[in-house]
Amino acid sequence: MLTLSGVCKRYPTGDRALTDIELSLPRGQVMALIGPSGAGKSTLIRCVNRLVEPTSGSIRLDDTELTRLTGRKLRQARRAMGMIFQEYALVDRLSVMENVLSGRLGYVGFWRSFMRRYPEDAVVEAFRLLERVGLAHALDKRADALSGGQRQRVGIARALLQSPRLLLIDEPTASLDPKTSRQIMRLIRELCAERELGAIINIHDVALARQFADRIVGLRGGKIVFDGTPAALSTDILTTIYGEEDWSTDANDDQQADAQRKADDTGQASGPTEPSVATDAPRPAPRLAAGASR
Ligand SMILES: Nc1ncnc2c1ncn2[C@@H]1O[C@H](COP(=O)(O)OP(=O)(O)O)[C@@H](O)[C@H]1O
Ligand SMILES: [Mg+2]
């Protein structure tokens, strides 16, 4: 269980990015954190793994107070939190397998990783994970030869190789087309259920958040303005989160996404047990984020 209590973040520039955040994430819960650009979504998940230092407040993961950790203990705690990034953060010239294995860098020590020698159990587990995310056939491809959806699958496998208790995911679909976005969200959802992993997913796309999260938290101006089920997220609440003008753009996006979903559902012969394997085209142009005000 992750618990944030009274968390505030003020950047040295004076920007107040988070104000009095109170939030508990039970084990196994998939939470979508929505809100316009600049709302504080990235700051919140970065405070959790201490890429950003919170100005005040408490962040606990199970029995550990994360805000006071330093050195080796901090590195240990970070391993319990798998990060998945919008831009995948892969090493382009390395193979898919090597990128996944880099998820174990914290365990294998500098020299072994420098020599690119990993323990056999890590290699076996990396292969199993690549199979699970539908990339076993591509394990020796260079990362820069992959489509966007495939790159994100590598990022997911890499995060899971550290056997995390929690996933912190920043805009996982922002660079993907709508169909690939849904496949990636479905995969994340399934993996969380299989491994009883909690997840905080920062996401602009309200339709995706509604479809794949157990719970939605809305941030605006660094404050939580909504915390509830996808069903409770009404148009009025969306207006509170995104503001009148921005939200109208987002609603159109939702309609398009719904139309796309219907077209996909009728066009696909796949049964309910079909694994979410990528069949995505080469990297698409980034989607314009709905609700973005910059
Ligand atoms: N490194 C930084 N230095 C100063 N201000 C920052 C920094 N990162 C983010 N901010 C500010 O903090 C606020 C929240 O940003 P961010 O967490 O990136 O929001 P989101 O991820 O929701 O778009 C914004 O006002 C942003 O300008
Ligand atoms: Mg962000």
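Biologist: Which residues does Met-31 contact, leaving aside its neighbours within four places in sequence?
Modeller: In this predicted model, they are Leu-25, Ala-199, Ile-200, Ile-201, Ala-213, Asp-214, Arg-215 and Val-217. Each counts as a contact because the two C-beta atoms lie within 7 Å.

Biologist: What makes Met-31 stand out in the largest nonpolar core?
Modeller: Contacts inside the core. Met-31 is listed with Val-100, Ala-199 and Ile-201 as having the most, in a core of 73 residues.

Biologist: Why is Arg-10 called partly exposed?
Modeller: Count its C-beta neighbours inside 10 Å: there are 15. Buried needs 20 or more, and exposed means 12 or fewer. The count of 15 falls in between, so Arg-10 is partly exposed. Arg-10 lies in strand 1. Beyond four places in sequence, Arg-10 touches Asp-15, Arg-16 and Thr-55.

Biologist: How do you know that strand 6 and strand 10 are at the edges of their sheet?
Modeller: The open sheet runs in the order 6-7-8-3-9-10. Strands 6 and 10 each have a single partner strand, so one side of each is left without a neighbour in the sheet. The twist averages 20° from one strand to the next.

Biologist: What makes strand 9 and strand 10 a pair?
Modeller: Pairing needs at least two bridges. Strands 9 and 10 have five, in the antiparallel sense, so they pair. Val-217 stands opposite Asp-227 in strand 10.

Biologist: Which helix gives the most to the shell around ligand 1?
Modeller: Helix 1, residues 41-48, with three residues. The shell as a whole has three nonpolar, seven polar and two charged residues.

Definitions and conventions: Residues are numbered from 1 along each chain as its sequence is written. Chains are lettered from A and ligands numbered from 1 in the order in which they are written. This is a predicted model: local features need pLDDT of at least 70, side-chain atom pairs count only at pLDDT 80 or more; totals for chains, interfaces and linings use all residues. A nonpolar core is a set of buried Ala, Val, Leu, Ile, Met, Phe, Trp, Tyr and Cys residues joined through C-beta atoms within 7 Å. Helices (H or I, at least four residues) and strands (E, at least two) are DSSP runs, numbered from the N terminus. Ala, Val, Leu, Ile, Met, Phe, Trp, Tyr, Cys and Pro count as nonpolar, Asp, Glu, Lys and Arg as charged, and the others, Gly among them, as polar. Axes are lines fitted to C-alpha atoms, for helices over the stretch in contact, and angles run from 0 to 180 degrees between N-to-C directions.
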